[in-house]
2 protein chains.
Amino acid sequence: MEPEILELERFLPYRLYRLADTVSREFSKIYKERHGLTRPEWRTLSGLGQRGTMTATELGEQSAMHKTKVSRAVAELERRRWLTRNPDRNDRRIEHLALTRAGLAAYREMVSLANAFERELLARLSAEERAAIVKGVAALEGRLGGAWAKY
Amino acid sequence: MEPEILELERFLPYRLYRLADTVSREFSKIYKERHGLTRPEWRTLSGLGQRGTMTATELGEQSAMHKTKVSRAVAELERRRWLTRNPDRNDRRIEHLALTRAGLAAYREMVSLANAFERELLARLSAEERAAIVKGVAALEGRLGGAWAKY
DNA sequence: CCAAATTTGTTTCATTTGTAACCATTGAAA
DNA sequence: TTTCAATGGTTACAAATGAAACAAATTTGG
């Protein structure tokens with residue numbers, strides 16, 4: 001028999017969203033205050049720093065961003081001279097994106113801030129709680145995979 | 001010693017955000033297709049259905065929404081005649097919001113769809129995985145609480 | 001009692017977002 | 001080949017968002 005009401009505070013989609021939103025806003029203060037980056041710009045910086053070189057489509061796949069977000073973030077980082085576009089030899093639709101020296105410097109700085117942020121976040125939890133969140137998130141990711149190339 | 005790179009796919013803030021975003025988008029299809037609701041409108045409907053009556057400020061606290069979102073969602077639900085505003089006897093700044101019969105009907109329908117959605121989401125996980133996600137989310141919520149009345 | 005500060009909620013404006021249309025190029029089919 | 005569909009990426013437009021200014025009512029502190 002169906003319950004008549006729904007407790008928003010116990011509804012997993014809501015709880016997940018609120019949690020992610022809070023954590024993400026907290027973290028965004030760091031790259032916003034330090035470098036004036038938006039979230040798509042941070043993800044672009046992060047993706048290229050990690051992988052070295054990617055096309056816009058690959059960036060979108062890696063960081064779960066809509067292609068218009070990628071396009072705009074890339075344009076802005078290029079304007080800052082934090083990345084360069086290199087043509088593909090065989091396919092002129094494609095550009096290989098890579099960080100410049102300045103982009104890489106910003107990336108390295110952000111990496112240590114990001115790691116510190118995550119460490120401090122997890123430090124608030126007990127060992128079992130840390131294990132639980134990681135296991136639970138991984139499990140859901142596994143069952144949703146594929147859903148997030150779409151958008 | 002600090003790692004030089006950061007793997008976005010393992011970075012908890014990113015993973016949480018992507019997961020929540022995917023789940024939320026999936027769920028939003030339901031209220032969007034069924035009733036043409038936005039997320040703030042859904043949360044408003046849900047909050048009032050659950051609690052019966054609330055002021056705009058209380059709604060914002062319960063559902064973690066910015067006051068401008070609340071204001072707009074309430075205006076739209078009022079336009080649909082899904083809720084009514086009732087003046088407060090002692091404080092004329094306040095209005096007590098409540099669902100109309102039509103609003104309540106929509107709410108009841110949404111409750112069963114929401115419950116089904118959550119059930120199906122959790123059904124993809126093993127019992128331990130379900131326990132893990134719930135425990136992990138609750139733990140983080142507990143350590144972040146208070147952070148989300150702000151915005 | 002009165003002025004200043006606070007609270008509640010709305011509105012304005014600039015920014016961010018996403019859908020859809022678009023251009024250029026490439027690949028596939030005839 | 002020549003066409004037609006698919007792909008990579010940008011742009012234009014409309015909708016959603018949030019910060020800040022605002023009006024109205026209430027509370028607080030002389």
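Trainee: How many residue pairs are in polar contact across the interface of chain B and chain A?

Mentor: A polar contact is a pair of N or O atoms within 3.5 Å, where within protein one must be able to donate a hydrogen and the other to accept it, and residues adjacent in sequence count only if both atoms are side-chain atoms. Across this interface there are 24 such residue pairs, both residues at pLDDT 80 or more. This is a predicted model, in which local features need pLDDT of at least 70, side-chain atom pairs count only at pLDDT 80 or more, and totals for chains, interfaces and linings use all residues. Residues are numbered from 1 along each chain as its sequence is written, chains are lettered from A and ligands numbered from 1 in written order, and side-chain values use heavy atoms, without hydrogens and water.

Trainee: How many salt bridges are there between chain B and chain A?

Mentor: A salt bridge is a side-chain nitrogen of Lys or Arg within 4 Å of a carboxyl oxygen of Asp or Glu. The count between the two chains is 8, including the one between E141(B) and R15(A), whose closest N and O atoms are 2.8 Å apart.

Trainee: Which residues come nearest to DNA strand C?

Mentor: A residue is near a strand if one of its heavy atoms lies within 4 Å of it. Of the 23 residues around DNA strand C, the nearest are H66(A), R72(A), T57(B), R85(B) and R93(B).
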